[in-house]
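Please look over the sequence and the structure before reading on.

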Amino acid sequence: SLSALIPLHVHRPRARILRTFGDELISSETVAVIELVKNAYDADATRVLVRFQVPLEIGQGRIEVIDNGHGMSLETIQTAWMEPATLFRKRQSRSEGRGRRVLGEKGIRRFAASRLANFLEVVTRRAGTDREVRVLFDWSQFDDEQKYLDEVEVLWEEVEPAEICPNGTIGSLWEENNKPEASELIHGTILRMEGVRTSWGKEQFKNLRTDLSRLISPFFGQDGVNQHDEFQIHLQLPALFEDLSGKVEPPEILERPHYILKGDVDETGHYDLTLKLRGQDDRASINRQFPFPDDYKPQCGPFHIELRVWDRDPASMGELAQTYGSTVGDVRRDLDDAAGISIYRDGFRVMPYGDPRNDWLRLDLRRVQNPTKRLSNNQIVGYVLISADDNPRLRDQSNREGLIEGPALGDLRNLVTMTLAELEKRRYVVRHRQEEPKGL
């Protein structure tokens, strides 16, 4: 009988479990920075600054992520921020001030800091309080295989505000001649990471800026205005990389595609789209039902889609370069950096969909099979917008790198590909009406 069984007690977790979260569940340093930026969004920040200070060699240098969110109390840090797999976000799916759909639910994102550096100082001030909380984490303690999690020493203090106050570090979020009212300078969080764990150079910073520029849906700004909300990302790099510093925004070329298709696909597979073709002023409407056998209902749920497409032959690229006073090489590079069809949930990108090396729809393979009609991955900048509430079966993998494979993701792939085919058919007709069709 069960009453005769001897109970076994679950052992305390080892301290290294937190290092594991940072090193194994966060796939790269760029992803780690992005996860910390998302934390700022969940804290209702409207601005976040990612700042690097030299020397950015292993064991040296500093990375700071500064935001003007609502800040944290000491109790929040003790009971929620440092608790692995906390249920805090599960219980609170909307941010407390702006009502944003929070992006973090698994309670592991903040451990991305351990992926970036050896030490972490958290400076935070809760809105409406007159004290600043400072907490210091030495991640090397979490490397001790003999130490248990409850044996790790974390130093903290509550002090008079020195950084999150007028004339404090928080002011770095704004230009010197554009500082806000003092009431906007008394809440927020600073994550100060010392002793970087990997070297940073030009290529790493270019990748970071590109990924940050694609992090926020291009529709967030417009939607934010309607909802009296905003979220800006700023990057401040050492002087050698100053050309990559500043407000992070998509390149201008994305505003002038040769073809554009946008609209909605509902939960049954019915689509309502508008289409603008190259050389035509009018927009066409397409309103139909994608075919599914035996009244099958897609499991992915409804989504909004926008596809921006470019002809990449030399003449077309030359016209764009002339429009922007740029070079063909720069135009091609900007398109290469932005190309791909990305998925955005509640305004933020789900990685890695849309990465240059992540052809999740196998568009290049389709084009090899039918090169005259199909579009390649590097011709398209696409946005698929879903939400946590309307698409509950599209769930994240534990490492935050993609959605769990299954029928829902498979249905989404099929629907996006069928939507793209509607554009490809009409583009094919337009291009073959020209006297001398251009090769890709």
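Which residue is the bridge partner of L49 in strand 7? The partner is H234.

## Basis of the report

The model is predicted: local features need pLDDT of at least 70, side-chain atom pairs count only at pLDDT 80 or more, and totals for chains, interfaces and linings use all residues. Residues are numbered from 1 along each chain as its sequence is written, and side-chain values use heavy atoms, with hydrogens and water left out.

## The chain as a whole

The chain contains eleven helices and 15 strands. Helices (H or I, at least four residues) and strands (E, at least two) are DSSP runs, numbered from the N terminus.

Of its 440 residues, 50% count as buried, a term that means under 20% relative accessible area, with exposed meaning over 50% and partly exposed lying in between (1.4 Å probe, protein chains only). The chain exposes about 21,500 Å², and carbon and sulfur atoms supply 47% of that area; accessible areas come from the Shrake-Rupley method with a 1.4 Å probe, and for residues only the protein chains shown count as cover. Among contacts (heavy atoms within 4.5 Å) with a separation of 6 or more, 71% are between residues 24 or more positions apart.

Two strands pair if DSSP finds at least two bridges between them.

Strand 1 runs parallel to strand 7 (residues 232-236), to which five bridges join it. With strand 2 (residues 62-67), strand 1 pairs in the antiparallel sense over six bridges.

## Helix 9

Helix 9 spans residues 328-338, and its buried residues are V331, L335 and A338. They lie on the same side of helix 9, because they cover an arc of only 70 degrees around the axis; the arc is that of the directions from the helix axis to the C-beta atoms. An α-helix has 3.6 residues a turn, so residues three or four places apart point the same way.

The cover over the buried residues of helix 9 includes helix 8 (314-323), strand 13 (340-345) and strand 15 (380-386). Following helix 9 is G340, with a positive phi near 120 degrees.

## Cysteines

The structure holds zero disulfides, a disulfide being a pair of cysteine sulfur atoms within 2.5 Å. C165 counts as buried at 13% relative accessibility, and C300 counts as buried at 1%.
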